[in-house]
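Please look over the model below before reading my points.

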Amino acid sequence: VALDASDAGVHAMLGNLALIQRKSDEALAHCDKALSLNPQAEALALCGLHRTYLGAPEESLKLAKRAMWQSPHYPGWYLFALGNAHRLLGNYDDAIAAFEELAERLPPQSPVPHTVLAFTDMEVGREDDARAAIAEVLDRQPNFTRTAYSRTLNYRDPAERARVLDSLREAGLPE
């Protein structure tokens, strides 16, 4: 920011750091700044991701779609923002489709795609699919746990965080 306060990407990344530190208002302020500066796709996607955690999935969905439109060869992680927004809006088929594509695009050792598929499948009552997704996670990373994953859940609403962790427990992810 000291070098260029008009760089939307810098503000989006500062928003990301604030989100990780659970400083919701600061994260939102940085993303609002980024979005006001004619952001490129990465800033849009990051701010879209932030919006899912901060309780604004409608906005998140718009930002993720705009990022994907701006950058048709977008990185796979954009699909996480898209899928999570769909999930929070109750568009489960769209969420699952995004998370399945995410699984195809991220490195095979990444537990994220199958973890998000597991808790989404549990939310729609697809328990067998959720358990199969957790089996994939544990095949890739045998020591992966709900505790480890919980560190990445930056939801402002503690009920959403609890819902995800409860779904993962029911799907068989160990503590």
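1. Ground rules. This is a predicted model, where local features need pLDDT of at least 70, side-chain atom pairs count only at pLDDT 80 or more, and totals for chains, interfaces and linings use all residues. Residues are numbered from 1 along each chain as its sequence is written, and side-chain values use heavy atoms, with hydrogens and water left out.

2. In H6, Ala95, Ile96, Ala98, Phe99 and Leu102 are buried (under 20%). An α-helix has 3.6 residues a turn, so residues three or four places apart point the same way.

3. Packing of H6. Its buried residues pack against helix H5 (78-88) and helix H7 (112-123).

4. Arg51. Arg51 belongs to helix H3 (residues 41-53); helices here are DSSP runs (H or I, at least four residues), numbered from the N terminus. Arg51 is buried, at a relative accessible area of 3%. Beyond its neighbours within four places in sequence, Arg51 has contacts (heavy atoms within 4.5 Å) that include Asp32 and Glu59. Leu28, Cys31, Leu35 and Leu63 are also among them.

Technical notes. Buried < 20%, exposed > 50% of the residue type's maximum accessible area, 1.4 Å probe, protein only. Helix = DSSP H or I, 4+ residues; strand = E, 2+ residues; numbered from the N terminus.
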